[in-house]
Amino acid sequence: MDAHTSHALYTQRRAQLAAQLGPGGIAIVPTAPEQQRNRDSDFLFRHDSYFYYLTGFTEPKAWLVITAEGESTLFCNPKDAEREIWDGLRLGPDAAPDALGVQAAFSVAELDQRLPRLLENRSVVWYPFATHEGLESRVNQWLQPVRARVRYGALCPESQRDLCALLDEMRLTKDAHEQDVMRRAAQISARAHIRAMQRCAAMLRAGQDVREYHLDAELLHEFRQQGSQYPAYGSIVAAGANACILHYRADTAPIRSGELVLIDAGCELDGYASDITRTFPANGTFTGPQRTLYDLVLASQEAAVTATKAGARFTDPHEATVAVLAQGLLDVGLLDKNKVGSAQDVITNRSYFPFYMHRTGHWLGMDVHDCGGYVEPSEIGTVNERKDPLSGELIKDRPSRILQPGMVLTIEPGLYVRPGEGVPEHFWNIGIRIEDDAIVTATGCELISRGVPVQADEIEALMRG
């Protein structure tokens with residue numbers, strides 16, 4: 001995206017937000033804080049997603065203020081020749097208006113001085129609730145001098161509102177530029193998964209010691225080789241029984257021939273995440289029990305993909321997955337119909353839960369678990385109460401979100417079989433998840449992560465290469 005297109009994109013987003021602030025509204029958006037890792041060393045800085053969505057600006061210590069009239073003010077690090085020797089070039093306030101399309105820019109050192117005047121005579125202050133520690137207190141500090149000027153005729157804002165409510169709705173539907181970046185991120189991640197699969201089989205064929213971290217290294221190399229800035233989240237590389245730990249991180253465990261390997265990994269490219277999971281046989285060939293469960297999970301994913309389309313509910317893919325898994329668990333003997341009843345009983349009583357304990361998807365975007373409500377906004381007032389059959393907890397259900405073109409979500413069913421009484425031993429310690437990234441379209445969905453195959457035969461063929 002060239003500078004002119006970038007400039008127009010962020011300007012348009014700020015204008016769209018300004019139009020929703022209401023008469024006298026003003027919005028305050030900080031970027032993320034820098035985080036110290038240990039002495040004299042910070043974690044790699046990653047901008048706040050809301051802030052970046054409105055600015056495209058990646059420097060730390062920055063703030064954006066937008067008024068309902070469409071005036072944008074940026075506060076950022078000032079130019080500093082000495083610090084720039086150590087930390088790199090800064091844009092600086094003088095260059096910011098032309099570079100970013102904001103109307104004004106000042107040094108962040110002037111933030112506390114200028115915010116009270118910007119807030120004066122405003123009716124409502126918008127800022128992201130519960131996302132930046134101490135932000136509410138900071139806003140109240142800026143309002144104190146405004147309150148002190150009321151005796152001179154100044155007006156103090158009467159209310160504070162959650163800016164996330166507006167920005168979440170804006171970010172939920174991805175525009176053409178966002179979709180293009182996410183396609184490229186998914187392509188990079190797919191190549192990384194292929195690389196890890198092939199390296200695993202090749203090392204085992206060569207009689208080498210293979211560890212989870214070897215495959216993690218392949219992922220990281222391909223991410224950076226293709227221009228991704230960093231992983232979108234901590235990569236999961238789980239061998240054998242480790243695959244039954246949902247958020248397991250790549251460690252030192254050996255990868256053995258005859259076991260499955262589950263890799264859940266995706267890169268972040270230009271601020272947007274990808275999120276892919278593949279499960280494959282370490283040596284390139286599925287055993288009978290592995291293939292049986294793998295094909296069941298894949299069938300459940302195919303049902304979920306079919307259910308993902310504009311006009312459907314967000315929960316429809318999950319329900320389609322569970323319907324396939326419920327019958328499949330009975331068919332393969334992981335559940336005993338004499339104990340749990342029919343497939344419908346399995347669904348109603350959530351008897352599948354010991355083997356499938358997470359949802360089938362989540363929103364995907366700038367954040368790997370992206371923002372956006374999962375309840376249909378027009379139906380929030382509709383509530384149905386039910387008792388959870390496992391916990392006995394009273395659950396309040398609201399109608400699930402209706403999918404629209406441009407929404408992006410993951411589709412990721414799985415099965416996780418731990419040793420236990422009544423569990424057939426040939427399935428023990430098998431953990432399988434298959435995850436793809438889907439852009440909702442008018443007639444279905446576009447799977448943007450299928451650059452890495454999912455069919456068992458195709459995976460085996462790939463690993464022979």
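Ten aromatic pairs occur in the structure, a predicted model in which local features require pLDDT of at least 70 and side-chain atom pairs pLDDT 80 or more, while totals for chains, interfaces and linings use all residues. Residues are numbered from 1 along each chain as its sequence is written, and side-chain values use heavy atoms, without hydrogens and water. Rings of Phe, Tyr and Trp (its six-membered ring) pair if their centres lie within 6.5 Å; planes under 30 degrees apart are stacked, over 60 edge-to-face, and the rest tilted.

The Tyr10 and Tyr52 rings are edge-to-face, because their planes meet at 70°, with centres 6.1 Å apart. Tyr10 belongs to helix H1 (residues 3-18) and Tyr52 to helix H2 (residues 49-55), so the contact ties together parts 42 residues apart in sequence. Helices (H or I, at least four residues) and strands (E, at least two) are DSSP runs, numbered from the N terminus. Both tyrosines, Tyr10 and Tyr52, are buried (buried: under 20% relative accessible area; exposed: over 50%; partly exposed: in between; 1.4 Å probe, protein chains only). Phe51 and Phe57 form a tilted pair, at 6.5 Å and 55°. Phe51 has a relative accessible area of 0%, and Phe57 one of 5%. Phe314, Trp363 and Tyr374 are linked by ring pairs into a cluster.

Strand E4 (residues 63-67) is largely enclosed by the rest of the structure, because five of its five residues are buried. Trp63, Val65 and Thr67 point one way, Leu64 and Ile66 the other. Strands pair if DSSP finds at least two bridges between them. Five bridges join E4 to antiparallel E1 (residues 25-30), where Ile28 stands opposite Val65. Four bridges join E4 to antiparallel E5 (residues 72-76).
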